[in-house]
Amino acid sequence: MQLKSPRSILLAALALPGLHGAAHADTPPERGEITLSYLDYQDRQPGLDRIAVHSPSVSILAPVAGVWTLEASLLHDSISGASPRYHTAISGASHMDDSRIAADVRVTRHFSRGSLSVSASRSNENDYLSRALGVQGSIASADQNTSFTFGAGVTNDRINPVNGVVHDERRHTVELMAGVTQVLGVRDIAQFDLTHTDGEGYFSDPYKFLDIRPRSRTENTALLRWNHRFDASGGTSRASYRYYRDTFGIRAHTLSEEYVQPLGGGWTLTPSARLYSQSAASFYFDAVYDPVFGPPSPPNFQFTPGLLITQDQRMAAFGALTLGLKAEKKLGADWVVDVKFEDYQQRAALHLGGTGSPGLAPFYARTWQLSLTRLW
Amino acid sequence: MVRALPVFGIGFGAMASRCEIRLAASDETEAHRLAAFAIDEVKRIEAKYSRYRPDTVVSRINAAAGVDWTECDDETLALFAYADALFAASGGRFDITSGVLRRAWNFSQPRVPGAAQLAPLLALIGWGEVQREGQRIRLPRAGMEIDFGGFGKEYAADRAGTILAGLGVTHAYVELGGDIRVLGPQPDGAPWSIGIQHPRAGEGTIAAIEVASGALTTSGDYERYFDAGGRRYCHILDPRSGNSVDCWQSVSVLAPVATAAGSYATIAMLLEDEAIVFLDTAGVAYLAVDRHGQLHSKNVGSVSY
């Protein structure tokens with residue numbers, strides 16, 4: 001029998017699953033995890049504490065038979081405080097209480113060079129029901145250095161506001177996603193994703209005075225991520241830039257950076273910063289007090305059929321800065337506890353390359369989250 | 001100035017061998033936490049491919065020999081594809097069906113099996129005749145066996161290394177019973193100095209090889225053997241004759257991954273007089289000790305994969 005080239009042995013070995021491109025192989029998790037979290041959120045505007053959210057959650061990740069992963073989570077939000085109000089006026093801030101239950105489940109099948117997952121989620125409030133289904137797949141090149149990701153999802157929402165402004169309104173959204181991840185050596189990984197979303201249905205906010213938005217919205221997002229590992233400190237930088245545009249006329253930029261630094265004694269410290277800026281929707285109006293309608297109305301407001309109008313703060317031109325710090329401590333081989341704090345401030349003046357929507361009241365939020373994870 | 005991380009050694013037993021993971025970590029707890037992922041992977045492979053446990057895919061394939069097909073998963077099929085490459089590159093000498101020869105060779109007694117004893121076993125050897133179809137495999141004759149003992153330990157070392165690399169570990173090596181996969185140099189950048197066991201002097205070493213990355217494995221005639229009639233009979237058996245090879249005391253190979261390094265070393269043992277040409281053609285660094293104790297080496301000490 002003739003010998004084949006001995007070099008073929010090395011090539012054949014490198015083709016074995018998980019022997020090459022170590023940093024990136026989409027391998028199933030080795031251990032299961034169960035995490036209990038408690039999130040505390042409070043936002044405020046000058047002179048007014050607004051929404052408070054208390055949100056316990058439980059999530060589980062379980063490897064099954066070496067090639068499957070099951071993930072599931074259950075979350076309960078209790079929301080209380082002033083209802084979302086017009087952005088500058090103090091009046092009209094009535095009290096609200098609401099609660100939300102959200103659950104999602106994802107099943108992933110891992111293959112030697114990729115994975116396929118199916119997910120479903122459901123979120124229920126007394127006036128809002130949202131259900132989503134998604135499928136996502138990834139496939140890696142033979143050397144595992146490049147991987148491609150594709151995803152598709154549909155979301156169906158039902159809106160039944162307690163004030164009866166609309167009844168049984170619906171929104172249907174289809175999302176398509178494609179991405180590529182490239183290993184750029186032992187220290188760097190880059191990722192580029194494009195997401196396209198088409199939505200039809202009710203986009204208005206039923207609790208806002210004079211909020212009439214288009215019944216369709218197309219959104220496009222480009223996301224670039226870059227992770228870099230520093231040999232000297234053993235830390236990892238995770239930087240990203242996201243560009244967003246939609247048919248409401250909003251253009252948004254998000255720049256974020258977090259730095260993960262392992263310290264001695266099982267500690268890891270992760271400071272983070274995120275800078276966000278968006279332009280206003282084309283039908284956004286800066287509100288003024290109207291002599292006829294009272295609380296905020298657009299200047300010289302006249303109602304006409306087909307009118308599109310919003311005064312929602314989230315549709316305005318503004319910028320925002322989020323600063324965060326997360327501390328994680330490993331307790332033995334099986335337990336991880338982490339605490340995370342985030343401070344968010346939103347101001348017209350932080351809008352990139354301009355002053356943003358005039359008269360927009362600053363908005364602040366802070367989030368605490370405590371999590372306990374058990375590995376098994 | 002950032003202080004270099006300390007190095008911790010975590011020993012464990014797996015695959016009937018003494019094993020160790022050495023890695024740089026912030027502290028001992030962290031080192032154990034990281035190593036646990038790699039050790040779990042080694043134990044997973046050991047449990048999945050053991051031929052001693054009745055429920056493994058290997059045992060099911062062997063139990064169905066001459067009778068039925070057995071469904072295999074992707075990882076097992078990938079290992080078969082690798083076995084194909086070894087079979088082809090070794091001219092059929094590296095054959096994962098040759099384990100049946102253990103029925104004639106019992107190294108606890110110095111007895112050389114005769115031709116009459118070997119002939120029926122040789123008829124059960126032949127990876128080239130094994131039937132495969134999609135996800136299924138079938139051994140054509142009752143009594144045939146496969147096992148991954150020829151490269152399972154090296155494969156596990158590589159997989160464990162992959163997992164550590166995925167956790168961000170850069171200064172570490174995984175050693176499974178003398179087969180070593182190196183992830184990166186010591187924290188100060190210096191290569192690890194790895195001793196090569198002396199094939200005739202017990203715990204002594206015959207050389208030390210500097211390795212900063214890649215893998216170093218050794219195949220030798222001193223693991224299971226007996227001496228009789230002035231020659232050594234070792235556990236490395238030529239599947240064509242059923243006889244023990246007798247040319248090299250040991251062959252150590254440096255290659256980018258342990259799976260390949262181990263296969264080069266074993267095939268070199270099996271190829272006997274053709275070993276040096278084979279290793280040179282493969283382009284790997286090696287250190288071989290011939291039956292007289294003479295050293296033959298190439299690029300050892302200066303290579304870094």
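Predicted model: local features only at pLDDT ≥ 70, side-chain atom pairs only at ≥ 80, totals over all residues.
1. Local features need pLDDT of at least 70 and side-chain atom pairs count only at 80 or more, while totals for chains, interfaces and linings use all residues. Residues are numbered from 1 along each chain as its sequence is written, and chains are lettered from A in the order in which they are written.

2. Over residues 21–25 of chain A, pLDDT stays under 50, and the model has 22 contacts beyond four places in sequence for them (contact: C-beta atoms, placed from the backbone, within 7 Å). Residues 84–93 of chain A also stay under 50, with 28 such contacts.

3. Interface. On chain B, 45 residues are in contact with 39 residues of chain A. Helices α1 (28–49), α3 (74–89), α5 (152–166), α6 (258–271) and α7 (275–282) of chain B each supply at least two residues of the side that touches chain A (helices are DSSP runs of H or I, at least four residues; strands are runs of E, at least two). The largest share, nine residues, comes from α3(B).

4. Backbone. D168(A) is not a glycine, yet has a positive phi of about 50°. D168(A) sits in the loop between β7 (146–159) and β8 (169–183) of chain A. A16(B), also not a glycine, has a positive phi of about 55°, and lies in the loop between β1 (7–14) and β2 (17–24) of chain B.

Conventions
Contact = placed C-beta atoms within 7 Å. pLDDT = per-residue confidence, 0-100.
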